[in-house]
Structures are given as structure tokens and as C-alpha cells.
Amino acid sequence: MKLRGKLLAAPLAIAVTVLGVAAAQSWMQQSASRHDAAELAADIASYRTLGQAQSALGSANAGVYRTLALLSSLDDAQVKGFLAGTRKALDDLGAQLQEMARAEDQPELRRQIEALAPQVATYAKQVGKAIELSAVEANMGVAAMKAAEKTYNDLSGAMVALSVATEKAYQARQAEANASAATRDALFGLLALLASSVAVAGA
């Protein structure tokens with residue numbers, strides 16, 4: 001009976017050790033998966049917000065040119081209504097970008113996002129001035145609109161660059177997560193081997 005116990009001791013010790021290591025590995029993998037899922041959700045939210053921002057900016061710019069083209073046929077109330085709507089849309093866009101910056105955990109991306117909101121405010125002032133001047137003299141409005149168009153182009157370019165940077169950051173996180181998973185698996189494999197060796201030696 002004692003001999004049988006000794007014969008069973010080593011396999012039992014190995015099984016218990018391997019199961020313990022496997023349980024620890026499973027817990028670590030689940031924790032990493034939850035973390036990865038949270039980061040993926042944040043990336044998706046960033047892409048969605050950037051897409052909405054680009055769409056809102058493009059719509060505002062198109063609306064300004066459309067209004068300038070029709071300005072002579074619009075009354076004062078219609079012009080004021082358009083300006084109020086455009087300012088609100090751009091103010092909402094600026095607030096959306098500020099919220100996105102607060103949620104961003106990477107300093108460089110946060111800095112790029114934070115730089116966009118003041119440009120949106122500048123653009124809003126410029127298009128307002130361009131429309132007001134166009135109501136007085138068309139050529140003055142066209143000249144004022146050149147500054148607004150430059151700001152718009154700068155904003156559009158910055159948003160595209162931010163989209164690219166966000167994509168690169170996502171790829172870097174994925175590569176880091178894959179490397180961490182490979183290292184973690186190798187470490188647990190080595191730990192299981194060492195623990196099994198100790199268990200056999202002790203048995």
C-alpha cells in the first residue's frame with residue numbers, strides 16, 4: 001500500500017501543479033482579454049468620433065459656400081438663422097473633440113486632439129465674418145472666406161493625420177498585446193515544467 005502511494009504521489013503532484021498553473025494562466029488570459037476589449041471599444045469610439053467630426057466640418061463648410069452663393073436671395077432673418085445654426089454645430093463639434101481629448105489615454109494623441117478645438121472656434125468666427133461681410137460687399141466676403149478656407153484645410157488635414165496616428169497606436173497596442181501573450185504563455189509553460197520537476201523531486 002505504501003509503495004502504491006509512493007507511485008501515485010508523483011503523478012498526483014504533477015497533476016495538481018499543472019492544474020494550478022493552468023488556472024492561473026486562464027485567469028491572466030481572461031484579465032488580458034477584458035483589457036484588450038476595453039481598448040478596442042475605446043479605439044472604435046475614437047474612430048466614430050473622428051468620422052463624425054470630419055462629416056460635421058465638411059457639412060458646415062459646404063453650407064457656408066451654399067449660403068454665400070444664395071446670399072442675395074436670403075433675407076436678414078434667414079442669414080442670422082444660418083449663422084446661429086452653424087455656430088451651434090461648430091460649438092458642438094469643439095465640445096465633442098474636447099470630450100474625446102479627455103478620454104484619450106495616450107499623451108501625443110491627446111495633444112493632437114486638444115489642438116483641434118481652438119481651430120474649430122477660429123473657423124466658426126471666420127465663416128461668420130465672411131458671411132457678414134458678404135452681405136455688405138461680395139468681394140469683401142470672398143477675401144474673408146480665404147482665411148476660413150485655410151483654417152478648414154488645416155483642420156481637415158489634422159483630422160486625417162489624427163486618424164492615421166490613431167490607427168498606428170491601435171496596431172502598436174495589438175503588437176504589444178500579442179508579444180505579452182506570447183511571453184506570458186512561455187513563462188507559464190516554464191513555470192509548469194519547473195513546478196512539476198519540484199513536485200516529482202519532492203515525491
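How many of the 203 residues of the protein count as buried? The share is 29%, where buried means under 20% relative accessible area, exposed over 50% and partly exposed in between (1.4 Å probe, protein chains only).

**Model and confidence**

This is a predicted model, in which local features need pLDDT of at least 70 and side-chain atom pairs count only at pLDDT 80 or more, while totals for chains, interfaces and linings use all residues. Residues are numbered from 1 along each chain as its sequence is written, and side-chain values use heavy atoms, with hydrogens and water left out.

The average pLDDT (the predictor's confidence in each residue, from 0 to 100) is 77 for the protein. A score of at least 70 is reached by 66% of the residues. Among the elements, helix α4 (residues 116-136) has the highest mean pLDDT, 90, and helix α1 (residues 2-70) has the lowest, 68. Where pLDDT is low, the predicted coordinates should not be read in detail.

**Secondary structure**

The protein has 5 helices and 0 strands, in the sequence pattern α-α-α-α-α. Helices (H or I, at least four residues) and strands (E, at least two) are DSSP runs, numbered from the N terminus. Contact means heavy atoms within 4.5 Å. Of the contacts between residues at least 6 apart in sequence, 80% join residues at least 24 apart.

**Helix packing**

Two packed helices are described by the angle between their axes and the distance between the axes. Axes are lines fitted to C-alpha atoms, for helices over the stretch in contact, and angles run from 0 to 180 degrees between N-to-C directions. Angles under 35 degrees count as roughly parallel, over 145 as roughly antiparallel, 65 to 115 as roughly perpendicular and the rest as oblique.

| Helices | Axis distance | Angle |
|---|---|---|
| α2 and α3 | within 9 Å | roughly 170° |
| α3 and α4 | within 4 Å | roughly 10° |
| α2 and α4 | 8 Å | about 170° |

Helix α2 (residues 76-103) and helix α3 (residues 107-114) cross at roughly 170°, which makes α2 roughly antiparallel to α3. Their crossing is left-handed; this term applies if the near helix is turned anticlockwise from the far one by less than a right angle, and right-handed applies if clockwise. L97, M100 and A101 on the α2 side meet R110, I113 and E114 on the α3 side.

The axes of α3 and α4 cross at roughly 10°, so α3 is roughly parallel to α4. Here Q112, I113 and E114 of α3 make the contact with L116, A117 and P118 of α4.

For α2 and α4 the packing angle is about 170°, so α2 is roughly antiparallel to α4. Residues of α2 in this contact include V79, F82, L83, L90 and L97, and those of α4 include L116, V120, Y123, V127 and I131.

**The loop between α2 and α3**

E104 lies in the loop between α2 and α3. E104 is buried, with a relative accessible area of 11%. Apart from neighbours within four places in sequence, E104 is in contact with S46, L109, R110 and I113.

Q106 also has its place in the loop between α2 and α3. At 24% relative accessibility, Q106 counts as partly exposed. Residues up to four places away in sequence aside, Q106 touches A169 and R173. The C-alpha atoms of Q106 and A169 are separated by 8.7 Å, although the two residues are 63 apart along the chain.

The ring centres of Y123 and Y152 are 6.1 Å apart and their planes stand at 40°, so the pair is tilted. The pair links distant parts of the chain, with Y123 in helix α4 and Y152 in helix α5 (residues 138-202), 29 residues apart. Both Y123 and Y152 are buried.

N61, in helix α1, is buried with a relative accessible area of 7%. Leaving out residues up to four places away in sequence, N61 touches Y123, M145, E149 and Y152.

Technical notes: Phe/Tyr/Trp six-rings, centres within 6.5 Å; stacked < 30°, edge-to-face > 60°.
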